[in-house]
Amino acid sequence: MKKSVFLMMMCGIILLLTSCSSMKTSPAVTAQFAEKVENRNYTVKMNYANPMRMRPVYLSSEYTLQVKGDSAIAFLPYYGVAHVAPFDPSEGGIKFAQPMTNYKIESNKNQTGWNITFRVKSNQSVYDVFISAFQNGSCSVSVNSYERDMISFQGEIMN
């Protein structure tokens, strides 16, 4: 009995240590993500949507936010409360391919990543985007507009 409890505890500790070590990234991968972020040349693939007044939604399709130089390109879903409906129902979601303004990048408090903010004016709306990007490539993206409730996404920077 004592042996089986000991073995189960050891297996649990080994599993915990291996899962935590896989979250760490090598210096080369960290440098690669840092270069992409600082050069404004990265794509974030979204895995989850977190609407303000709804449950989180797993995203099975390819939804991305791409930053290229001084422009941002978004193809994201929207779940939540819209205060103004679009004129064309096929124009739902968050879609833009426009120049960014007020682009700011700074290291986060723990020096484990970056906080990035910018604004995009599209034909339909003005979007304020906040990205928390981490050295392991994971990201949290929040999108706020005047016509809709804020929505956030969880994703990762693509290699």
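**Exercise 1.** Determine how many salt bridges there are, and describe where the partners of the Asp149 pair lie.

*Solution.* Taking a salt bridge as a side-chain nitrogen of Lys or Arg within 4 Å of a carboxyl oxygen of Asp or Glu, the count comes to 2. The model is predicted, so local features need pLDDT of at least 70 and side-chain atom pairs count only at pLDDT 80 or more, while totals for chains, interfaces and linings use all residues. Residues are numbered from 1 along each chain as its sequence is written, and side-chain values use heavy atoms, with hydrogens and water left out.

One of the salt bridges joins Asp149 to Arg53, with N to O at 2.5 Å. This pair links distant parts of the chain, 96 residues apart: Asp149 sits in the loop between strand S8 (138–145) and strand S9 (151–157), and Arg53 in the loop between strand S1 (41–51) and strand S2 (57–58). Strands here are DSSP runs of E, at least two residues long, numbered from the N terminus.

**Exercise 2.** Classify Asp149 and Arg53 as buried or exposed.

*Solution.* Buried means under 20% relative accessible area, exposed over 50%, and partly exposed in between (1.4 Å probe, protein chains only). Asp149 has 9% relative accessibility and is therefore buried, whereas Arg53, at 56%, is exposed.

Methods
Helix = DSSP H or I, 4+ residues; strand = E, 2+ residues; numbered from the N terminus.
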